[in-house]
Amino acid sequence: MSDTTWSTTRPWRGIMVATTLPFREDLTVDHDAYAEHVAWLIAQGCDGVVPNGSLGEYQTLTDQERAQVVRTAVEAAGDGARVMPGVAAYGSAESRRWAEQAAEAGCGSVLLLPPNTYRADPEAVRAHYTEVAGVGIPVVAYNNPIDTKVDLTPDLLARLHGDGSIVAVKEFSGDVRRAYEIAELAPELDLLIGADDVLLELAVAGAVGWIAGYPNAFPASCAELYHAAVAGDLATAVPLYRSLHSLLRWDSKTEFVQSIKLSMDIAGRRGGPTRPPRHPLTGAIESGVRTATEKAVADGHR
C-alpha cells in the first residue's frame, strides 16, 4: 500500500474532503442531503470527509447541529475511521469535548486549529494540543496563520510532534518551502496538503494526504490529479493541475465557502446558501468563480 493512500492505521492520509454543509432555504441543516453528499464523495474515489471545518461553517452551528453532523457523516461514510471532524473551539476544554464526541462516534482522527481567540505563544499552543491529544484520538494540526494569527512554524510543529500531540499537519500557510523544513525537523510527521492551489508543489515535496475543498464539486478529476501528483506522474499531473488551477485558487480566498458552493451548483451538485455573516457572491467575484467553474465543466472535469 502506498504511503499516500488512506488506511485504517493512518486514516488521515489520502483525499479527505473538507465537506460543505447543505442548508435548506430556511437555513436549517439538511442532514439527509449531507448524508447523500458524503456517500457520493466516497463513491467517486475520495477516501473520507472532514465535517465541521471552516468549509462546513461550523462557527454558525449550534452544539446539537454540530454533533449531529458528525453522526451523519459516520453513518453515511460506512466507516467512522473515514471521518475527521474539526474540533476547533474557543477553549481547550471545549475542543477536548468535541474530540471526545468524535471518539465516541467512532471517528478515525480529528482536525484541530491552535487557540485563535488571541495570539497564543508557543507554550500555550503546546498545552492546547496536549489537552486535546489526551482524549486518545489521533490529532491533525491545522496551520492557518492567515486567519488565526497563530503560526505553527516547522519548529513548533516538531515540538508538538515530539510531545506526542499530533500525527500530521494540514499546511495552509501557502509557503511550500516549509515542507522541506518540516521533513527535516520532524521526519515522522505526516504533511497534508491544506490549500488546493498548492497541491502539486506539496505533493512533489512529500505530502501524503490532501484535506481538500474542490472535490466537493469535481471529485473524480481531483482524485486523478492527487494520485498522479503524489506518484510523481508529472506528465499526467501538470496538465490536469494547469487546467484546474483557475478554479482551485478560489479555495485560498476569503470567499472560499461561497465559491465552492457556487461551483457545486454549477457542476450539478447541491451547494446552496451559506449562513450569515457570509452572504451570496456578487459582481466580479461571482463572475470569476462562475467563469472558472464553467471552464472546468467545459474541459470535461467531473
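# Sheet, helices and a buried loop residue

Me: In S6, which residue is the bridge partner of Glu171?
Reply: The model is predicted, with residues numbered from 1 along each chain as its sequence is written. Local features need pLDDT of at least 70 and side-chain atom pairs 80 or more, totals for chains, interfaces and linings use all residues, and side-chain values use heavy atoms, without hydrogens and water. S5 and S6 pair in the parallel sense over 4 bridges (strands are DSSP E runs of at least two residues, helices H or I runs of at least four, both numbered from the N terminus; two strands pair if DSSP finds at least two bridges between them). In S6, the bridge partner of Glu171 is Ile193.

Me: Which are the edge strands of the open sheet?
Reply: The sheet has 7 strands in the order S2-S1-S7-S6-S5-S4-S3, with parallel pairing. An edge strand here pairs on one side only, which holds for strand S2 (48-50) and strand S3 (110-112). The edge strands are therefore S2 and S3.

Me: At about what angle does H9 run to S1?
Reply: Helix H9 (residues 219-230) has 12 residues, of which 10 are buried. Its cover includes strand S1 (14-18), helix H1 (31-43) and helix H10 (234-248). Axes are lines fitted to C-alpha atoms, for helices over the stretch in contact (heavy atoms within 4.5 Å), and angles run from 0 to 180 degrees between N-to-C directions. H9 lies across S1, S6 and S7, and its angle to S1 is about 140 degrees.

Me: How far does H9 reach from its first C-alpha to its last?
Reply: The expected span of a helix is 1.5 Å times one less than its number of residues. For H9, with 12 residues, 16 Å is expected, and the reach is close to that, at 16 Å.

Me: Why is H3 roughly parallel to H4?
Reply: Helix H3 (residues 92-105) and helix H4 (residues 122-133) pack with their axes 8 Å apart. Ser92, Ser95, Arg96 and Ala99 in H3 meet His128, Glu131 and Val132 in H4. Angles under 35 degrees count as roughly parallel, over 145 as roughly antiparallel, 65 to 115 as roughly perpendicular and the rest as oblique. H3 is roughly parallel to H4 because the angle between them is about 30 degrees.

Me: Why does Leu61 count as buried?
Reply: Leu61 lies in the loop between S2 and helix H2 (63-77). Leaving out residues up to four places away in sequence, Leu61 touches Leu21, Phe23, Val29, Asn52, Gly56, Arg66, Val69 and Arg275. Leu61 counts as buried because its relative accessibility is 11%.

Terms used. Buried < 20%, exposed > 50% of the residue type's maximum accessible area, 1.4 Å probe, protein only.
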